[in-house]
Amino acid sequence: MKQTAKKYGPHGRPPAGKNGDKREHILDSALNLFAGQGIAGTTIAQVAKAAGVTPAMVHYYFTNREGLLDAIVAERLAPVIAYIWADISEKTLNDPRRVVTELVDRLLETVGRMPQLPFLWSREVLHAGGLLRRRVMSLIPVERFETLSRYLSGAQREGLLNARAAPALVFISVLGVIMLPLAAQDILGRTSAGSALNRETLRRHVLALLLDGLCPQPEPEAKP
């Protein structure tokens, strides 16, 4: 019987297909472990076991842990950051309430698709010693961050944004008020707040907090 020659893609690796699916599964398994127990506490052997492959297979695709981290950032986190910071229309930018609402919805959609994100963010990005911090920081679109702050400052001058607010802190405030409750689910699970935490509840809470404040001013009494 005539044997069919194996086909290989660039760099001598097999083309996408079953092997490509296996590579994706390794990435997903690593993402789950890194979010659950931290990168420093996770070995290649543990990733391989979770993915149902040998450590040699992990090394084949990613060489070492650094290569695995590079792949997770490039293929999982970079698209997320790009989506969150995708262009917001000028019409929306001129309305701070719409800007905040759109950012909240994008972040909630993102963590809905990648529930590991809040845990990775708190463990490996926010923390000064996080092993993804340098990689992720290099992906932050500083120009878009500055554009958002500039538009919000303009809205503030027009009286559309609380005069006591800091426009440059709006995005990080939105990020924190969404990510922190999700990253602290194990703590909240011991309280009544844990059972009530779902996407719609969090969205309603975050928008109320950011747009209207915890203690709204009472309506002035009508003059007789």
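Which helices each supply at least two residues of the lining of the largest pocket? They are helix 6 (96–113), helix 10 (170–183) and helix 13 (199–212).

## About the model

This is a predicted model, in which local features need pLDDT of at least 70 and side-chain atom pairs count only at pLDDT 80 or more, while totals for chains, interfaces and linings use all residues. Residues are numbered from 1 along each chain as its sequence is written, and side-chain values use heavy atoms, with hydrogens and water left out. Helices here are DSSP runs (H or I, at least four residues; strands are E, at least two), numbered from the N terminus.

## The largest pocket

Rolling a probe the size of a water molecule over the atoms shows where empty space is left. A pocket is an open set of points on a 1 Å grid over the protein atoms alone, where a 1.4 Å probe fits, with protein on both sides within 12 Å along at least five of seven lines; lining residues have an atom within 4 Å of a point.

The largest pocket holds about 630 Å³ of space. It has 22 lining residues, and those closest to its centre are Leu161, Asn162, Ala165, Leu210 and Leu211. Helix 13 gives the largest share of this lining, four residues. Sorted by class, the lining has 15 nonpolar, four polar and three charged residues (Ala, Val, Leu, Ile, Met, Phe, Trp, Tyr, Cys and Pro count as nonpolar, Asp, Glu, Lys and Arg as charged, and the others, Gly among them, as polar).

## The second largest pocket

About 480 Å³ of space lies in the second largest pocket. Among its 20 lining residues, Trp121, Val125, Val136, Ile140 and Leu175 lie nearest the centre. Helix 7 (117–126) is one of the helices that supply at least two lining residues, as are helix 4 (65–84), helix 8 (133–137) and helix 10. The largest share, five residues, comes from helix 7. This lining has 19 nonpolar residues, no polar ones and one charged.

## Two annotated stretches

UniProt, in an unreviewed entry, places a "DNA-binding region" at residues 43–62; such annotations may be inferred rather than shown by experiment. In the model this span is 80% helix and 0% strand, with end C-alpha atoms 13 Å apart. Helix 2 (residues 44–51) has Ile44, Val47, Ala48 and Ala51 as its buried residues (under 20% relative accessible area, 1.4 Å probe, protein chains only). Seen down the axis of helix 2, these buried residues fall within an arc of 100 degrees, so they line one face of the helix. Gly52 follows helix 2, with a positive phi near 75 degrees.

The unreviewed UniProt entry also places a "transmembrane region" at residues 165–184. That stretch is 70% helix and 0% strand, and its end C-alpha atoms are 26 Å apart.

Methods: Points joined across faces, edges and corners; volume = space filled by probe spheres on them. Buried < 20%, exposed > 50% of the residue type's maximum accessible area, 1.4 Å probe, protein only. Arc of directions from axis to C-beta.
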